[in-house]
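Dear colleague,

My findings follow directly after it.

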Amino acid sequence: MEILSVQNLSKLYPKFDLKDVSFSLEQGFIMGFIGSNGAGKTTTLKSMLGMVHKDGGTVSMLGMDFDQHELEIKQHLGFMFGGVDYYAKTKIRSITEVVRRFYREWDDSIYQKYMKRFALDESKRPSELSSGMRIKYSLVLALSHRAKLLLLDEPTSGLDPVARDNLLELFQEFIEDGERSILFSTHITSDLEKCADYITYIENGRIIESRTKDDLLQAYRLVKGTSEQLAPVQARLIANKTHAYGFSGLIKTTDLESADHLEIEAPTLEDIMIYYAKKEGLNE
Amino acid sequence: MNNLLNKELRLVIHPLYYLTALFGALILIPNWVYFVALMYVLFIAFPNIFMNAKAQNDTGFSVLMPVRKRDVVKARVMSMSILEILQVLVAALFVAIGVSINPKGNFLIDANLAFLGCALVMYGLFNLFFFPMFYKTGHKVGLPLLVSLSITFVFSSIIEVLVVMVPAVAKVLDGNTPSAMISQIPVLAAGTALFVGLTWLAYHLAAKNFEKIDL
């Protein structure tokens, strides 16, 4: 079943547009939402949740239309935008006391389990926590009410490599039962290579790709060649970089021709992002 | 809704601000502008609570909860109205004491039931201007406060001037004898109804403005 579906979401700002953003996510999978800074990741997530007033499009979650069933959907949703950046001088215990009342399915045993796992102390105040710890507390709040869908904005940035790895393991555990899903935005593409099933890539307010990670990686190739070899392929390249010995560029696998005699490599997500960002830059 | 109200009372409104209601004791001053006694809640509690909520990123927190944006507005309008109502109730207590201390009354409007009714209208007008203006941004407090406080000054001044200059108005609003008080009950009732109506309207306009902004 589709747990999340976004259709033609748009938001117009004077200097930036989110245009026709569409993607969907099935139950039991993790989708990584990537894009460079300012590409529209947070705006998309906030528009989906009604925090930013969208100008068009429909969003459905858990099989329900978001606008019509906002409260019901939010009961089963966990979302976070960065770490805890509110009530800096209030004890975590008091904040939790307020939050738990909002959720019908709040489970104190889950809450205690994650607090222990993340070594969070309830008697501390957010101002006393490191930025990584604040993100962890924010995650604990998002996880403690048996959410079916997690929407997380940059959950891994600011965490050390060990904590990031733990978190990715936790994500895998979360979706294990095949009923729950996670959409998380990040610009740390190595996180996605470890755990994402699907990738949605946004650049300049437009969705460039939304498909399985393996399909996405198969669909592109990194090519290298000499300066003389550049001219015949340049039109087919998404973007390229030239250097003293020649060039390197990104190309759609379907656009490759054996007559090109280029050095071909499999790209990483980062390569795809870098070349697409370069292409967007050229178009400006 | 109750959960958001619980949040307001536990995280947003510091218990100290309930004490501003004690400024109602200023009603015991003989010959004074009694409306001012009821303005301290607007002078002290409103700016401080809203600026504190802004510093604590209360809006950022509230919209993470499973609520609608308009519920966030409703909870704040309700919690601030509770402070206003508390102020009127405490003032009523001091009106009762004032009648026995200053039986001769006041050169401006007396501290009586009609005065409390007018004070409720004053709060209603304050709410009508303050909340919709504030929720156009959800964070700027200065201009909304300036405008809504000006409105309360103008309204209270008009009432005071009418009580002094127009005998027909004085007959309805002034006087602190038991019989005068009884005849003022409809004024208090009308004031209460207006307070509720204006505050309800303030909430709807404010919620509409808040829905439009991007957080």
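Between them, chain A and chain B bury about 2400 Å², buried area being the accessible area (1.4 Å probe) that two parts lose on being put together, summed over both; carbon and sulfur atoms account for 61% of it. The model is predicted: local features need pLDDT of at least 70 and side-chain atom pairs pLDDT 80 or more, whereas totals for chains, interfaces and linings use all residues. Residues are numbered from 1 along each chain as its sequence is written, chains are lettered from A in the order in which they are written, and side-chain values use heavy atoms, without hydrogens and water.

Chain A brings 26 residues to this contact and chain B 24 (contact means heavy atoms within 4.5 Å). One salt bridge is counted between the chains (a side-chain nitrogen of Lys or Arg within 4 Å of a carboxyl oxygen of Asp or Glu). Lys11(A) and Asp214(B) form a salt bridge, with their closest N and O atoms 2.9 Å apart.

Within chain A, an automatic or database assignment gives domain 1 (2–212) and domain 2 (217–283). Their centres, taken over C-alpha atoms, are separated by 33 Å. In chain A, 13 residues of domain 1 are in contact with 10 residues of domain 2, and the area buried between these domains is about 980 Å², with 68% from carbon and sulfur atoms. Of the area that domain 1 buries there, Thr189(A), Glu193(A) and Tyr201(A) supply 40%, more than any other three residues. Zero salt bridges are found across this domain interface.

With kind regards
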